[in-house]
Amino acid sequence: MKENLKILIADEYETVSRITAIMLRNFYENSAIDFAKTGIDVIEMVEKNKYDLVLMDSCLPEMSGVEATRLLKAKKENRNLKILGMSIYQTNIYIDEFRGAGASGFIIKDKLNDYMKKATENLVSGSDFFIYI
């Protein structure tokens, strides 16, 4: 498995983004991690950079994570982009919305510590990761 990943974390709350980055660095210590706070930022950053993995919050300002995922995956050059949807809301609605938008996985934020490694390993290796509640 590739250890030097280029990762984008999209969350409007800097504290959540930083904690997520710390967790990711436990598994991929030499990876480059960028941060986005809005759905528009995500679109712009993906257009300018080649990411191996995007962790996308469902409720981003300006454009939801689901809509940003849909727009990104609609572009031919992003078809292989791995997107892991995230939400604090424990509902299958977001899982279904992210899956329908083209995401490769979904995780509830309060389960990040339990499933982050498995979820990211699955996505990077080409498998999906969805856990229904």
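Contact here means heavy atoms within 4.5 Å of each other. With that in hand, to the chain.

This is a predicted model, where local features need pLDDT of at least 70 and side-chain atom pairs count only at pLDDT 80 or more, while totals for chains, interfaces and linings use all residues. Residues are numbered from 1 along each chain as its sequence is written, and side-chain values use heavy atoms, with hydrogens and water left out.

Of the contacts in the protein chain with a separation of 6 or more, 62% are between residues 24 or more positions apart.

Next, the elements. The protein chain has five helices and six strands; these are DSSP runs numbered from the N terminus, helices being H or I with at least four residues and strands E with at least two. From the N terminus on, the order is β-α-β-α-β-α-β-α-β-α-β. The radius of gyration is 13 Å, close to the 14 Å from the globule rule for 133 residues, so the protein chain is as compact as a globular protein of that length. That radius is taken over C-alpha atoms, and the rule is 2.2 Å times the number of residues to the power 0.38.

Buried residues make up 47% of the 133, buried meaning under 20% relative accessible area with a 1.4 Å probe, protein chains only.

Is Leu-55 buried or exposed? Leu-55 counts as buried because its relative accessibility is 0%. Leaving aside neighbours within four places in sequence, its contacts include Ile-7, Ile-9, Leu-24, Leu-84 and Met-116. Between Leu-55 and Met-23, the C-alpha to C-alpha distance is 12 Å, at 32 residues apart in sequence.

Notes:
Buried < 20%, exposed > 50% of the residue type's maximum accessible area, 1.4 Å probe, protein only.
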